[in-house]
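Me: I've got a model open and want to walk through a few spots. Can you take me through them?

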Amino acid sequence: MRLRRDVRRFRTDPVDEAVLARCLDAFSMAPSVGLSEPWRILRINSETARAAALKNFTTANDQALNGYSGDQAETYSRLKLTGMQEAPVQLAIYCDDGTAKGHGLGAGIMPEMRRYSVVAAVTLFWLNLRAHGLGLGWVSIIDPKQLAHDLDVPSDWRLIGYFCIGTPEAISDTPELEREGWEHRHASLPIETR
Ligand SMILES: Cc1cc2nc3c(=O)[nH]c(=O)nc-3n(C[C@H](O)[C@H](O)[C@H](O)COP(=O)(O)O)c2cc1C
């Protein structure tokens, strides 16, 4: 867990498919509300789909940069916030909000629990990749409507993230955003009592 990083710098050599399959087993072992297993995984292989996703990121990232000014804008512009140019494996992971699986158990009052289930599964996948010497980068700087159009995604699916996977160039115990001076982790875990 200490060495699980969000990775944006990947080697370009291919990932062993058998290892990737073992890492993806995390999804079948993950918890999900009502046992709904609402995750939907698209593997983005074609040049066309990858180019559309990268263009989507670039546009969204330029817009995000415009929201900052001064030193913060300068720092933001230096950050590498995606490995989409290099990562050998790329997945768009969705939550199927319309799934009948699980018969609605636990998701009646809070349907967002289905999305939390996908996030829980992604976290297991992330750790499993790390345990197999691979890294994952979560890309959220992306316009989900445009991506759904470009990838021809069913209307009930909501984007959880665009994920870059591959062998990390380097391993570190410190988040890259911390190393780049953008933000720091809490020194201790704040816990409130009631
Ligand atoms: C929901 C979510 C969305 C994220 N989106 C991005 C992103 O678009 N680009 C990026 O570079 N990192 C993204 N990250 C990675 C975080 O910046 C990273 O987890 C955080 O800085 C802590 O670093 P660490 O994961 O290496 O511990 C995202 C992480 C999460 C959990």
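**Loop, ligand and strands**

Reply: Val33 sits in the loop between α1 and β1 (39-43). Helices (H or I, at least four residues) and strands (E, at least two) are DSSP runs, numbered from the N terminus. This is a predicted model: local features need pLDDT of at least 70, side-chain atom pairs count only at pLDDT 80 or more, and totals for chains, interfaces and linings use all residues. Residues are numbered from 1 along each chain as its sequence is written, and side-chain values use heavy atoms, with hydrogens and water left out.

Me: Is Val33 buried or exposed?
Reply: Val33 counts as buried, at 16% relative accessibility. Buried means under 20% relative accessible area, exposed over 50%, partly exposed in between (1.4 Å probe, protein chains only).

Me: What is Val33 in contact with, leaving aside neighbours within four places in sequence?
Reply: Leu105, Gly106, Ala107, Met113, Arg114 and Ser117. Contact means heavy atoms within 4.5 Å.

Me: And Val33 to Arg8, what separates the C-alpha atoms?
Reply: 31 Å, with the two residues 25 apart along the chain.

Me: Switching to the ligand. Which residues surround it?
Reply: Arg4, Arg5, Asp6, Arg8, Leu81, Trp138, Val139, Ser140, Ile141, Pro175 and Leu177. A residue is near a molecule if one of its heavy atoms lies within 4 Å of it.

Me: Which polar atoms lie by the ligand's oxygen atoms?
Reply: A polar side-chain atom of Arg5 lies 2.7 Å from a ligand oxygen. Arg8 also has a side-chain N or O atom 2.7 Å from a ligand oxygen. Asp6 uses a backbone N or O atom, at 2.8 Å. A polar contact here is a pair of N or O atoms within 3.5 Å.

Me: How much of the ligand's accessible area does the protein cover?
Reply: 72% of the 620 Å² that the ligand has on its own. Those areas come from the Shrake-Rupley method with a 1.4 Å probe.

Me: Now β3. Why is it largely enclosed?
Reply: Because 4 of the 5 residues of β3 (residues 135-139) are buried.

Me: How does β3 pair with β4?
Reply: Antiparallel, over 5 bridges, with β4 spanning residues 157-166. Strands pair if DSSP finds at least two bridges between them. Leu136 stands opposite Ile165 in β4.

Me: Last one, α5. Which residue caps its N-terminal end?
Reply: Asp143 caps α5 (residues 144-151), with a side-chain oxygen 3.0 Å from the backbone nitrogen of Lys145. After α5 comes Asp152, with a positive phi near 55°.

Note on methods: A polar contact is a pair of N or O atoms within 3.5 Å; within protein, one must be able to donate a hydrogen and the other to accept it, and residues adjacent in sequence count only if both atoms are side-chain atoms.
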